[in-house]
Amino acid sequence: MRWQGRRQSDNVEDQRGEDSGGFPGGIGRGGGFRLPGGSGIRTARGGGFSGIIILAAIFLFLKFCTNIDPMQILVDSGGGDGQLLPGQSQTAPGDTSVKSNDEMTQFVRTVLAETEDVWSGIFQAEGKTYPAPTMVLFSGQVRSACGFASAASGPFYCPGDKKLYIDLSFYDELDKKFGASGDFAQAYVLAHEVGHHVQNLIGVLPKFNQMRQNMSEADSNAMSVRVELQADCFAGIWGHFTQQKGILEQGDLEEALNAAQQIGDDTLQRKMQGYVVPESFNHGTSAQRATWFKRGFDSGKLESCDTFSGKI
Ligand SMILES: [Zn+2]
């Protein structure tokens, strides 16, 4: 990527080196980059009817039957969405006091700025304003509105405070442990989390988090896959516009597609436990993740990211 010299976002809270003051506990987040072993999925019995169908119906109803684009929800909610957890304010102004603006920090700030530009443009085309998320840089562990998290759980987005959290050491892991190297692979990770932010704004994430309370674990996992694949598709949309700006270099797309494949549930499980348990998938297979990223990348359109209807 030709990212150097471009705008760097100030929507950053640098908590590196700070004591998070956290306490151990589960984190119920809106979808991390990866959830090893299916952690973070709350299990509840009941429901019975596949929530996927309901969510798909809602999405399609909004989109096609009422002529209300799901984007519309943004306006009605005024940025709030009832997903907030106790003790958290809705928004926090970005803290521009970045502790160390080393090359990696500059890179993620630049990628974040690029996502702001792209999504602002897409929202603007719908007559809406895009409320940009805040990126929290942390080291080791962090406390979010979604709970306490350690670097081991990977980057994640918390719908409760509309912030994305990343310990930049994850990129080392992505390269060495998961075999996904390259700056565009790293950018994809961030763009995926921003994709969850967009899902939060358009109402997909709140609906999912509400519905999965009453779903079986299998149904919850199956719907989680659809949510995650949509975030991959949204990351692809970002990639589409990034390419249009001429920022991408030869091999960048392949880096992202390789990353998507390396972190597919089947590949991860095969690597970590030697066998695959499809019912426990919550992010999608390697093939699905790469396919949906590519779909967004090729089209640049939200409509191409309807992962809630039909076969994925
Ligand atoms: Zn995710």
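Modeller: Before we start, pLDDT is the predictor's confidence in each residue, from 0 to 100. You'll want that to hand, since this is a predicted model.

Colleague: Where is confidence lowest, and where is it highest?
Modeller: Helix H2 (residues 72-77) has the lowest confidence, with a mean of 36. Strand S2 (residues 134-137) has the highest, at 98.

Colleague: Okay, new topic: how many disulfides does the structure hold?
Modeller: There are 2 disulfides. Counting bonded cysteines along the chain, the pattern is 1-2, 3-4.

Colleague: Remind me, what is a disulfide?
Modeller: It's a covalent bond between the sulfur atoms of two cysteines.

Colleague: Thanks! Which cysteine does Cys146 bond with?
Modeller: Cys146 is joined to Cys158, and their sulfur atoms are 2.1 Å apart. Cys146 sits in the loop between strand S3 (141-144) and strand S4 (147-150), while Cys158 is in strand S5 (residues 156-158), 12 residues apart.

Colleague: Why is that disulfide of Cys146 and Cys158 called right-handed?
Modeller: Because the torsion about the S-S bond of Cys146 and Cys158 is about 90°.

Colleague: Are those two cysteines, Cys146 and Cys158, buried or exposed?
Modeller: Both Cys146 and Cys158 are buried.

Colleague: And what about Cys233, which cysteine is its partner?
Modeller: Cys233 forms a disulfide with Cys305, with the sulfur atoms 2.0 Å apart. The torsion about the S-S bond of Cys233 and Cys305 is about -75°, so this disulfide is left-handed. Cys233 is in helix H7 (residues 217-244) and Cys305 is in the segment after H10, so the pair ties together parts that are 72 residues apart in sequence. Cys233 and Cys305 are buried too.

Colleague: Switching to rings, how many aromatic pairs does the structure hold?
Modeller: It holds 9 aromatic pairs. One of them is Trp3 with Phe107: the ring centres are 5.3 Å apart and the planes are at 75°, so the pair is edge-to-face.

Colleague: Where do Trp3 and Phe107 lie?
Modeller: Trp3 is in the segment before strand S1 (12-14), and Phe107 is in helix H3 (residues 103-125), so the pair ties together parts that are 104 residues apart in sequence. Trp3 and Phe107 are both buried.

Colleague: What about Phe293 and Phe297, how is that pair arranged?
Modeller: Phe293 and Phe297 are stacked, at 6.1 Å centre to centre with 25° between the planes. They are 4 residues apart in helix H10 (residues 286-299), so about one helical turn separates Phe293 from Phe297.

Colleague: How buried is each of them, Phe293 and Phe297?
Modeller: Phe293 has a relative accessible area of 1%, and Phe297 has 4%. Buried means under 20% relative accessible area, so Phe293 counts as buried, and so does Phe297.

Colleague: Which residues form the aromatic cluster with Phe293 and Phe297?
Modeller: Phe184, Tyr188 and Trp238 form one cluster with Phe293 and Phe297.

Colleague: Last one: what lies over the face of Trp292?
Modeller: That's Arg295, at 4.2 Å from the ring centre of Trp292.

Key: Residues numbered from 1 in each chain as written. Predicted model: local features only at pLDDT ≥ 70, side-chain atom pairs only at ≥ 80, totals over all residues. Heavy atoms only, no water. Phe/Tyr/Trp six-rings, centres within 6.5 Å; stacked < 30°, edge-to-face > 60°. Helix = DSSP H or I, 4+ residues; strand = E, 2+ residues; numbered from the N terminus. Buried < 20%, exposed > 50% of the residue type's maximum accessible area, 1.4 Å probe, protein only. Lys NZ or Arg CZ within 6 Å of the ring centre and 35° of its normal. Disulfide = S-S within 2.5 Å.
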